[in-house]
Amino acid sequence: MVMLLFLHMVALVIWSGANAARWASASLAGQFFWLRISMLGTLLIQPTLLIFALQLTRNSRSISSSSLILLWVFPLLGLLAVWTNDAHHLVYHSLGFRLNREWSELVWTPGPLVWMELVYRYSLLLATIFLLHQSSHHGSALLREQSNTAFLGATLSFFGDASLSIAYLISGTIFDASPIIYTLAGVVYYLGIIRNRMFDLIPVAHTTLIQSMNDGVIVLDLHNRIVEINPAAGNFLGIKPEEAIGQPAQSVLFNWNETTQPFWGVWNKRTEIIVSQTMPRHLDLIITPLLDEKNRPFGRLLVFRDITERKKNEAALRIANHKLQEQLKEITRLRDQLRELAIRDPLTNLYNRRYLQEVLDQELARAHRAQYPVCLIMIDIDHFKHVNDICGHKVGDEVLQFLASQIALHIRRSDTPCRYGGEEFLIVMPNVSIETAHQRAEKLRVTFASHRWPCSNLTIIPTISIGIAIFPFDATDPEQLIDAADRAMYAAKRAGRNRITLYSQLDQTQSAFLQ
């Protein structure tokens, strides 16, 4: 019922406002546009008023839902006809424009649908007046009082609508008093709401909007006094809304003073604050200015929502996310560790044979694209079996570990050292000349040969034999390159051990013999 009266008043405002705008317009297009807008209000005024009267007089149940729906069919068809009039001219034709000294006037000839709409509209309006008149003589005193108020407003609306029809359709009178009469009808409805307890004092916007909101709503005037507060805000503050009306906001929101102090002079703000309650509460606070028709502020609207649980959930989510990140780091560390275990020799901590195959393929492919050489150094410990047999495997392991440590000291970070198997080692040295590779191998050989071992029973001091091959001059693929370095290393052993041999130094006879 409240919404219907509200829609009725909106229709009156549209109709009156559009007519006022039409009279103020000085162009044919402008007056024609506002004429069509005014039709929107005209067609909605009577159906909303009739259904309102049915509900007010407790007669709405006597009308079926299908009948109520039919009330809206003609307005919808009428609106469609108005906006498509150029195609059929059933609403109006012979549209013209007449300029007077004081104003401009739209001159038009009504079509058949206008007369049908008049019959429809006045039928609904007379039915409304009849219902309200009957109700004003029956029922309780409150119902009679309400019906009398609505009857007076509907009667004024009838005369306002009639004055419009007569002015434009019959007499051609320029002055239209219906906006004034409709304004008086609106005043009557207002007095019925405020003074005559229409709707049992249930405010329209107050009930449907502010009162039913779950968010806290507080309205302040220019002096920061509370002029409105909804139940959600009252429950949160622990105060009855009626007790807070008219009180300074600082005194009612005393727990907020410290956190909201920076915002008392702010007109437009969205922020999050923490207020002191039995336990601290997190609030999402929105401050919005209330402006009058001249865009001047006359108060502020404070809307707040308790987001404490959300903050707790966010904090828990951050903790969980932090733990997850730590777990991911640990997983990454363990994965890297497992990869290291998979590609490194556990005794010497150099890369193993499997990793060598992977790296050598990559290095040779990269060297082929960039056109630079790759040297491969193969190292074998001389008389290693003698060390194991005389001093034991523990000393043998120390010999392997010492050679591995020296290899790591005599290479670059871009080089890849590997334990190829048993006492054999390989070093991949990309983008280096054969001379530089030979120099580094020689330093390694001299250092190893000069080392003294703790086993006094050694009759033969272990040394190393080294073979060097270079890509792409000695070989063009990984297998060929390893084979070339291996042949050069065995040539060094056959030449007396503890020496370096280049694959390029081997003549065809030696190469055939090594095969």
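Predicted model: local features only at pLDDT ≥ 70, side-chain atom pairs only at ≥ 80, totals over all residues.
1. Just after H19, glycine 496 takes a positive phi of about 125°.

2. Helix H19 itself covers residues 478–494. At the N-terminal end, the cap is aspartate 477, with a side-chain oxygen 3.2 Å from the backbone nitrogen of glutamate 479.

3. Which residues of H19 are buried? They are Pro478, Leu481, Ile482, Ala484, Ala485, Arg487, Ala488, Met489, Ala491, Ala492 and Lys493.

4. Next, have a look at strand E9, residues 416–421. Five of its six residues are buried, so the strand is largely enclosed by the rest of the structure. Cysteine 418 is at 0% relative accessibility and therefore counts as buried, the cut-off being under 20%. Elsewhere, cysteine 375 is also buried, at 0% relative accessibility.

5. What is the partner of E9? Strand E10, residues 424–430, runs antiparallel to E9, and five bridges join the two. Within this pairing, cysteine 418 stands opposite leucine 426 of E10. The hairpin has two residues between its strands, and glycine 422 takes a positive phi near 60° there.

6. On to the aromatic residues. How many aromatic pairs does a search of the whole structure find? The search finds five. One of them is phenylalanine 402 with tryptophan 453, an edge-to-face pair with 5.5 Å from centre to centre and 90° between the planes. Phenylalanine 402 belongs to helix H17 (residues 393–409), while tryptophan 453 sits in the loop between helix H18 (434–449) and strand E11 (464–471), so this pair ties together parts 51 residues apart in sequence.

7. Are phenylalanine 402 and tryptophan 453 buried or exposed? Phenylalanine 402 counts as buried at 16% relative accessibility, and tryptophan 453 is buried too, with a relative accessible area of 13%. Ring pairs also bring in Phe448, linking Phe402, Phe448 and Trp453 into a cluster.

8. Two arginines are worth a visit as well. The charged end of arginine 344 sits over the ring of tyrosine 351, 4.1 Å from the ring centre. Arginine 353 lies over the face of tyrosine 420, with 4.0 Å to the ring centre.

9. Finally, the disulfide: a search of the whole structure finds one. Cysteine 391 is joined to cysteine 455, with 1.8 Å from S to S. The link is left-handed, with -90° about the S-S bond. This pair connects distant parts of the chain, 64 residues apart: cysteine 391 is in helix H16 (residues 384–391), and cysteine 455 is in the loop between H18 and E11. Both ends are buried, cysteine 391 at 16% relative accessibility and cysteine 455 at 15%.

Technical notes: Residues numbered from 1 in each chain as written. Heavy atoms only, no water. Buried < 20%, exposed > 50% of the residue type's maximum accessible area, 1.4 Å probe, protein only. Helix = DSSP H or I, 4+ residues; strand = E, 2+ residues; numbered from the N terminus. Pairing = 2+ DSSP bridges. Expected span 1.5 Å × (residues − 1). Polar contact = N/O pair within 3.5 Å; in protein donor to acceptor, adjacent residues only side chain to side chain. Phe/Tyr/Trp six-rings, centres within 6.5 Å; stacked < 30°, edge-to-face > 60°. Lys NZ or Arg CZ within 6 Å of the ring centre and 35° of its normal. Disulfide = S-S within 2.5 Å.
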